[in-house]
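User: I'm new to this one. Can you walk me through it while I look?

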Amino acid sequence: MFDKLIGNEPIKTILRRMLRANRVPHSLLFAGIEGIGKMRFALELAKSFVCTNLNLDEACDECPACRRAEKFDIPVVTASTKIEEKLREKFKTVFFSEHSDVGMVVPLKKNVFVDAIRDLEKASNFQPYEARARILLIDDADKMNDAASNALLKTLEEPPTDSYIFLVTSRPDSLLPTILSRCQILRFAPIACAKIEHHLLATKEFSPDDAKVVARLSAGSVGAALQTDLTRFRELRATTLKILESLLSGKDRAILLQTAEAISDAKNKENYEDFLNILQTLIHDVWTLRIGADEIVNADIQARLQNFAEKSDVKRLAAWLSEIETMREGFVVNLNKKIATEALFMQMAG
């Protein structure tokens, strides 16, 4: 049932209205930031087509069909996973759940294979085995290349009457305009901080203080909140605070170059993006305090950031944020991280 999902109440209203009127589009695009629950919404809608409880418009979550529909056996792939041909072949097909009418195409790292989309096209043309429709989902649909996108386009142009295709993406602008034009788009908003905090407390894995910090760090993504390693975050933040202190005081530039070298080292590559995010967030918090507001992310160290704010200049802080964004754009063309970070720190210090 949609009630168990966090946030995006307007989306729930739209989906319920579609189900009651029996007017769910054959092609739906679930778009929003990472970790916001888009796939959970798509699966919940899929279960509404297989649910055997005929007294409800939406899934009951209790019948065997509902329970089977959300159980997938998809290999877990991490950055260190060795991609052997046997594993690659698995991702060239549709992964079906324990329910034979609910399938999903999943990317292997950065690629949705054209073979998987062709398999989806084939699967969509089969009659449902036991449900009233077949539901086929594409996770991270923005990872389709041109060949995969064009293969999908053929199916979207002439959708089978008893099959539905749901695309899930955090980057809808990366999809072909022709695909976007053939899908009804559901745009998910970031989840309110208070709702994420409440959810974290409900898991009983966070203290009230930690839940507040993590919820504010999440930027509206419950997935990001649940994956936050607070110990690692605080270690990175301590390093970043030293950098910020050095930048604001104008002293000890050597520490800036040493830190730039350390954080851009290959062995720390998994921390680099987190470091940049923390640096941006801290600078934005200082800027917020400097202009007299107090709604900041790092509320647990507000007193220290307030001290930084008293030593800073609004225009300088805004320029720093702009410089970080400019550097991020450079990484798209494989800008050297060590050189770029050193240049960033020197420019900020100047």
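Analyst: One term to begin with: strands are DSSP runs of E with at least two residues, numbered from the N terminus. Strand S5, which covers residues 163–169, gives the largest share of the lining of the largest cavity, three residues. Keep in mind that this is a predicted model.

User: How many cavities of 30 Å³ or more are there?

Analyst: The structure has one cavity of 30 Å³ or more. The volume of the largest cavity is about 30 Å³.

User: Which residues line the largest cavity?

Analyst: His-26, Ser-124, Thr-155, Pro-159, Pro-160, Ser-163, Tyr-164 and Ile-165 form its lining.

User: Let's step back. What is the secondary structure of the whole chain?

Analyst: The protein chain has 16 helices and six strands. Its C-alpha atoms fill a box of roughly 70 × 40 × 35 Å along the principal axes. Of the 350 residues in the chain, 46% are buried.

User: And what share of the contacts joins residues 24 or more positions apart?

Analyst: Such pairs make up 69% of the chain's contacts with a separation of 6 or more.

User: Next, Lys-47. Where does it sit, and is it buried or exposed?

Analyst: Lys-47 belongs to helix H2, residues 38–50. Lys-47 counts as buried because its relative accessibility is 0%, and the cut-off for buried is under 20%.

User: What does its side chain make a polar contact with?

Analyst: The side chain of Lys-47 has a polar contact of 3.1 Å with the side chain of Glu-70. Beyond its neighbours within four places in sequence, Lys-47 is in contact with Lys-4, Ala-59, Asp-61, Cys-66, Ala-69 and Glu-70.

User: Now helix H11. How many residues does it have, and how far does it reach?

Analyst: H11 runs over residues 230–249, which is 20 residues. From first C-alpha to last it reaches 28 Å, close to the 28 Å expected at 1.5 Å a residue.

User: What happens at the start of H11?

Analyst: A side-chain oxygen of Asp-229 comes to within 3.2 Å of the backbone nitrogen of Thr-231 there.

User: Which residues of H11 are buried?

Analyst: Among them are Leu-230, Phe-233, Leu-236, Arg-237, Thr-240, Leu-241, Leu-244 and Leu-248. As background, an α-helix has 3.6 residues a turn, so residues three or four places apart point the same way. The buried residues of H11 also include Ile-243, Ser-246 and Leu-247.

Definitions and conventions. Residues are numbered from 1 along each chain as its sequence is written. This is a predicted model: local features need pLDDT of at least 70, side-chain atom pairs count only at pLDDT 80 or more; totals for chains, interfaces and linings use all residues. Side-chain values use heavy atoms; hydrogens and water are left out. Helices (H or I, at least four residues) and strands (E, at least two) are DSSP runs, numbered from the N terminus. The expected span of a helix is 1.5 Å times one less than its number of residues. Buried means under 20% relative accessible area, exposed over 50%, partly exposed in between (1.4 Å probe, protein chains only). A polar contact is a pair of N or O atoms within 3.5 Å; within protein, one must be able to donate a hydrogen and the other to accept it, and residues adjacent in sequence count only if both atoms are side-chain atoms. Contact means heavy atoms within 4.5 Å. On a 1 Å grid over the protein atoms alone, a cavity is a set of points where a 1.4 Å probe fits but cannot get out, and a pocket is an open set with protein on both sides within 12 Å along at least five of seven lines; lining residues have an atom within 4 Å of a point. Grid points are joined across faces, edges and corners, and a volume is the space filled by probe spheres set on the points.
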